Amino acid sequence: MNKKLAAAVSGGAVLMLVLSGCGGDDGDKKADAWAKKVCDSWQPELKKIEQANADIKRVATESSKPEEVQSTDSAAFGTMSASYKAMGAALQGAGVPPAKNGEETQTAAVKGFESTSQGYAALKTKMDALDPKDQAKFAEGLKDVAAGLEDATKGGKDALDTLKAGGLDKAMNSQKGCQVTTTSPSPK
């Protein structure tokens, strides 16, 4: 019943794979300094998101009671909402990035992370509203929550694409704070 949610989470919430690619060259010191400021702020948030994803997957793959699934998933969505909001705030606080259309890039990326934060907050509300005592309705509600994951993560994905398009991916990829350990998603 919760396996669909776990599958959706492994696909959608792995948005924290930040700006995948190779490390950057050492050409632009300003971009590196800006990226360091952002990535140092992002590191604790990325770890929280990674842990929240692991918690959701854990209760999805174990024979967890609906009450445990509900409380775990709700807490995870709350954590992800707060973390993406903090990531947007860190981008804002780092100042305009030294990139083409820097101000537009920053504004669009901050907006994307805020959208994902709001998306996870909405999923938390939906999860909290489910009745774990009614197995059939709970299972149906989980499908609805899983279906909402793609929309919830769209803003964050768009934000990362915006940063890449702004030419900031190399500088960010070279920062330790933006690198996360990931496990390959298991085949469905």
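The model is predicted, so local features need pLDDT of at least 70 and side-chain atom pairs count only at pLDDT 80 or more, while totals for chains, interfaces and linings use all residues. Residues are numbered from 1 along each chain as its sequence is written, and side-chain values use heavy atoms, with hydrogens and water left out.

**Trp34**
- Trp34 lies in helix 2 (residues 29-61); helices are DSSP runs of H or I with at least four residues, numbered from the N terminus.
- With a relative accessible area of 6%, Trp34 is buried (under 20%, 1.4 Å probe, protein chains only).
- Beyond residues up to four places away in sequence, Trp34 touches several residues, including Val96, Leu163 and Met172 (contact: heavy atoms within 4.5 Å).
- The C-alpha atoms of Trp34 and Val96 are separated by 8.5 Å, at 62 residues apart along the chain.

**Helix 3 with helix 5**
- Helix 3 (residues 66-93) packs on helix 5 (residues 135-165) at about 15°, with the axes 12 Å apart; axes are lines fitted to C-alpha atoms over the stretch in contact, and angles run from 0 to 180 degrees between N-to-C directions.
- Helix 3 is therefore roughly parallel to helix 5 (under 35 degrees).
- Among the residues making this contact are Phe77 and Leu91 of helix 3 and Leu149 and Leu163 of helix 5.

**Helix 4 with helix 5**
- Helix 4 (residues 102-129) and helix 5 pack at about 170°, with their axes 7 Å apart.
- Helix 4 is therefore roughly antiparallel to helix 5 (over 145 degrees).

Conventions. Helix = DSSP H or I, 4+ residues; strand = E, 2+ residues; numbered from the N terminus. Buried < 20%, exposed > 50% of the residue type's maximum accessible area, 1.4 Å probe, protein only. Parallel < 35°, antiparallel > 145°, perpendicular 65-115°, else oblique.
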